[in-house]
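Hi,

Here is the structure I promised to pass on. Please open it first; my notes follow below.

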Amino acid sequence: MILDFILTMGIALFSIGIAGVVSSRHFVIMVLSIEIILVASSLVAVSLYSYITNGEILSLLFVIWAIAALDVIALVVFYRYLAKLKMNLDVTKLNRLRDR
Amino acid sequence: MISAIAVALAALITIGASLMFVFRDVLHVAVALSFVFLVNSLIFLLMNQPLLAVIQLFVMIGGVSVYLFVGVAAASYSHFKYTNYVALAVIAIAIFAILMYGMYQTGTIGYAQGQPLANSFTASQAAASLTTKYTILSLYTIALMLFLLAIGAIPLLNRLKVI
């Protein structure tokens with residue numbers, strides 16, 4: 001029963017994350033939506049490991065955590081860069097960086 | 001009882017994730033995301049995985065969230081007007097429906113009905129799983145990528161006198 005709840009929640013989180021990436025043009029929101037997708041994937045992986053499979057879990061979780069850390073480092077660097085240049089955070093206007 | 005706690009945590013984590021799109025400043029968005037990480041860690045505890053819960057807490061709350069607060073939220077530079085809420089809701093519901101249909105078709109939902117926990121991750125298993133050749137290789141590759149990203153960020157930010 002708990003597995004069902006947690007799988008449903010993982011799928012809901014994954015859907016919210018994908019919808020956030022697709023529907024938003026904001027740079028920060030898109031990256032943080034990817035974080036939501038990573039949380040959902042770790043949740044589904046751990047729930048399936050806990051109740052069903054007997055496979056390797058730690059490597060997968062390490063990869064997920066590392067991608068989350070990489071995401072945030074890249075976000076912070078580009079965010080500070082764009083903030084310093086007072087540029088728009090709309091991703092469709094990022095090509096203006098070319099003129100800087 | 002545990003099912004009720006699971007439902008409550010499920011509601012909390014989904015609300016936290018949804019709030020991310022409602023707030024209009026980066027600080028509150030970072031707080032909502034940290035809340036999602038925290039509840040995720042609590043759900044790991046509920047599934048009898050204390051080791052993974054602690055690692056999740058250290059990495060995501062202690063590392064990622066704090067870095068997010070310091071690096072992004074402290075700059076207070078944001079224009080949150082680019083999210084299309086109708087598209088967000090429609091796409092989220094559509095993807096959710098498709099994935100749930102797939103889960104029901106494969107029989108994953110309802111598979112573990114009434115069964116006890118199959119696996120609980122322990123520190124000895126962690127040591128065993130980290131000693132394979134490919135795991136070590138992948139972890140070193142990830143560490144190298146993180147290191148190069150951090151080093152590459154320094155001249156980029158230094159050029160603009162951000163740091």
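A helix here is a DSSP run of H or I, at least four residues, and helices are numbered from the N terminus. Note that this is a predicted model.

Helix α3 of chain A first. The helix covers residues 58–84. Its 27 residues should span 39 Å at 1.5 Å a residue, and the end C-alpha atoms are 39 Å apart, so the two values agree. Just after α3(A), A:K86 takes a positive phi of about 55 degrees.

Ten positions to look at in α3(A) are buried: A:L58, A:L61, A:W65, A:A68, A:A69, A:V72, A:L75, A:V76, A:Y79 and A:R80. What do the buried residues of α3(A) pack against? Their partners are α2 (27–51) of chain A and, from chain B, α3, α5 and α6.

Now the contact between the chains. Chain B puts in 75 residues and chain A 61 residues. On the chain B side, α1 (2–19), α2 (26–46), α3 (50–71), α4 (85–106), α5 and α6 (133–159) each supply at least two residues. The most come from α6(B), with eleven residues. By class, that side of chain B has 55 nonpolar and 20 polar residues, and no charged ones.

Beyond its neighbours within four places in sequence, B:A126 is in contact with A:L58 and B:L51. B:L51 is 75 residues away along the chain, yet the two C-alpha atoms are separated by 9.3 Å.

Best wishes

Note on methods
Residues are numbered from 1 along each chain as its sequence is written. Chains are lettered from A and ligands numbered from 1 in the order in which they are written. This is a predicted model: local features need pLDDT of at least 70, side-chain atom pairs count only at pLDDT 80 or more; totals for chains, interfaces and linings use all residues. Two residues are in contact if their C-beta atoms, placed from the backbone, lie within 7 Å. Ala, Val, Leu, Ile, Met, Phe, Trp, Tyr, Cys and Pro count as nonpolar, Asp, Glu, Lys and Arg as charged, and the others, Gly among them, as polar. The expected span of a helix is 1.5 Å times one less than its number of residues. A residue is buried if 20 or more other C-beta atoms lie within 10 Å of its own, exposed if 12 or fewer, and partly exposed in between; C-beta atoms are placed from the backbone.
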